[in-house]
Amino acid sequence: MSETGWTTVESVLKPGRYFLQGDEAIAEGAIAAGCNYYGGYPITPSSEIMERICERFAELGGGRVFIQMEDEIASIGSCIGASWAGAKAMTATSGPGLTLMLENIGYAIITETPVVVIDVQRAGPSTGQATRPAQGDMMQVRWGAHGDFQIIALSPWSVEEAYTETIRAFNLAERFRVPVFLLTEEAVGHLRENVDIPAETRIYNRIRPQSKEPPFGQAEVPPMPVFGQGHELLVTGSTHDEWGYRRTSSAQAQQKLVTRLSAKVTNHLDEIIEVEQRFCDEDELDILVIAFGFTARSAWRAVQAARQEGIRAGLLRLKTIWPFPEEVVRQLALRSRAVLVPEMNLGQILREVQRVAPQAQGYHRTDGEVIVPAEIHQAMQEVMRS
Amino acid sequence: MKTPGSTESILSCIRAEAFPTPFCPGCGHGILLGAILRAIAELGWSMDEMLFVSGIGCAAWIPSPHFAADTLHVTHGRAIAFATGAKLFNPALKVVVIGGDGDLASIGGNHLIHAARRNLDLTAICANNRIYGMTGGQVTPTTPLGIRTATTPQGNTEPPFDLCRLVAGAGATYVARYSVYHIRPLIRSLKKALTHKGFAFVEVLSPCPTQYGRRNKIPQPGEMLRLMKEECVSLDRAKEMSQEELEGKILIGEFVS
């Protein structure tokens, strides 16, 4: 069995420079992180992830399992089953498929099952525009499942980051025994860029119990046993005690379980939240642009253009969307006269920003087109004037 | 000494602390629970190499938490999907799905036919009580015509699925039907299903006096079991019967083996 906890392994791809599509980079990132189970269902614009995994698993062998399931519900279900059988499992989809997966996302949360779900966002609602980019699933991943819970969701802005953030998604899933989302957009998924693959990859493998330890309690993140080793595991989506016995009428069991499930994320924000600050060092900023994913690329160009004009503009790029990096947003917003949140939706993250930075204003596009630098540059001027 | 099939060997497959079962008086699921464990015990299998996957509903509680094995109690209808992932990743696991008719054939119908088509090495046992028991007695895709349920107060007007023919048509390589009344042939069939390589499906008719019987003037468990016995006709006997004689009968036996 491979080492548990943090460990450094040789990268699966030979180190060097590769020209990859975003979707392909996600597949390679998953393989680098140790992904050895993939259950999926075709959907534009994520299908290339599945196709790459299918091809590469066959090449690499070593017990890696790929299956195309009958629908998205079955895809995520099979991933969770495989995860308990010891796999690092992943599925990829887009908005409509994600909607179908939500019931089992809730199941992964309550059973503390590591699984990675890639959402290559397209324009919605419903079938919408399958080949057009959007950032409209920010709230679907956050609140789509029912009940109370925390969610981890990451957002890469480049093909290289599609690779590295997929690895991070696996590491966080294994570290905290949670489902982790990688939220990208068609624009990154189908973008082609250079990716530099390092010789080594730092990965986290879930902790196994040393003896018979309760799989659902005591420790904040309990060690996770594997099927077939005599643990007599009781895994259930019903409210349960630390050994997995259903406690569907116990107020205390419900409170204790749901509180711990949330706390294991909120107690470790430092490990989970990653942001990038560019030109944010000054005591006061004329304008702070907060962006993520593909939109952050245009925002960076716009901020650079504003700097050329002598405007003290800064970019805060959210690599972690959930849990929301509200502390850094609050601190930077306090030093910023204006705050602009451009996003490819009608204001999903803007509202989160406004909770801690009431002066924030949005720039939105939901027509299936990416936001270009000139638009953000103009929006910055307008926000600064207002 | 635990001789295969002995009472001791069966008791060692059970979590004693999980009893009493949650099943209503007269429910057939307890008989099926015993039959499954007897089949495993008679095969001399270790529960440590087994995984039981179940969804939502009364039948899903047969393995979870009563079986002293790994159990995965999942979302409604999805047990086969979860089982598929576990089995594919660790083929050494002996994976058994247990579910009711609503769970496996209604909300989970898509997964059922696709598992049969793939002929993946799983055993699926459908405890068919022909009603949604846990949610209060609503009609299911296997409720016979004319039967009164909470959602067919005037009698069911939708023809039911013949699950065995459905699953056989989809490609399963072992398909059988018995009732909990036919306990010895049922145990023999379960043993064949468990050892079968490929997708094995056993439908087990199980009485639900609480939700089905009471609404249809058969509230006595004994009476329900007797009627179930009379309703069932073996495939061999059916060959010598006319269409009229077979009207309203349920065929039992091995459909595919």
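Hi everyone, and thanks for coming. Please keep in mind throughout that we are looking at a predicted model.

Let me start with chain B. We have eleven helices and eight strands there. The C-alpha trace of chain B spans about 50 × 40 × 35 Å along its principal axes. How does the radius of gyration of chain B agree with that of a compact globule? A compact globule of 257 residues would come out near 18 Å, and chain B has 17 Å, so the two agree. Of those 257 residues, 52% are buried. Now take the contacts in chain B between residues at least 6 apart in sequence: 64% of them join residues at least 24 apart.

On to chain A. Here we have two domains, with domain 1 covering 5–205 and domain 2 covering 276–385. Their C-alpha centres lie 27 Å apart. Where they meet, 24 residues of domain 1 of chain A are in contact with 21 residues of domain 2 of chain A. On the domain 1 side, the elements giving two or more residues are β7 (129–133), α5 (138–143), β8 (152–154), β9 (179–185) and α7 (186–189) of chain A. Which of these gives the most? That is α5(A), with four residues.

Finally, let's look at a sheet in chain A. This is an open sheet of five strands in the order β13-β15-β14-β17-β18, with mixed pairing. At the edges stand β13 (275–278) and β18 (360–364) of chain A; each has a single partner strand, so one side of each is left without a neighbour in the sheet. On average, neighbouring strands are turned by 20° against each other, direction ignored.

Further in, β14 (residues 285–291) and β17 (residues 336–343) of chain A run parallel and are joined by four bridges.

Helix α12 (residues 348–356) of chain A lies across β14, β17 and β18 of chain A, at about 155° to β17(A).

That's my tour, and I'm happy to take questions.

Conventions. Residues numbered from 1 in each chain as written. Chains lettered and ligands numbered in written order. Predicted model: local features only at pLDDT ≥ 70, side-chain atom pairs only at ≥ 80, totals over all residues. Rg over C-alpha atoms; globule rule 2.2 N^0.38 Å. Buried ≥ 20, exposed ≤ 12 C-beta atoms within 10 Å, placed from the backbone. Contact = placed C-beta atoms within 7 Å. Domains from an automatic or database assignment. Pairing = 2+ DSSP bridges. Axes fitted to C-alpha atoms, helices over the stretch in contact; angles between N-to-C directions.
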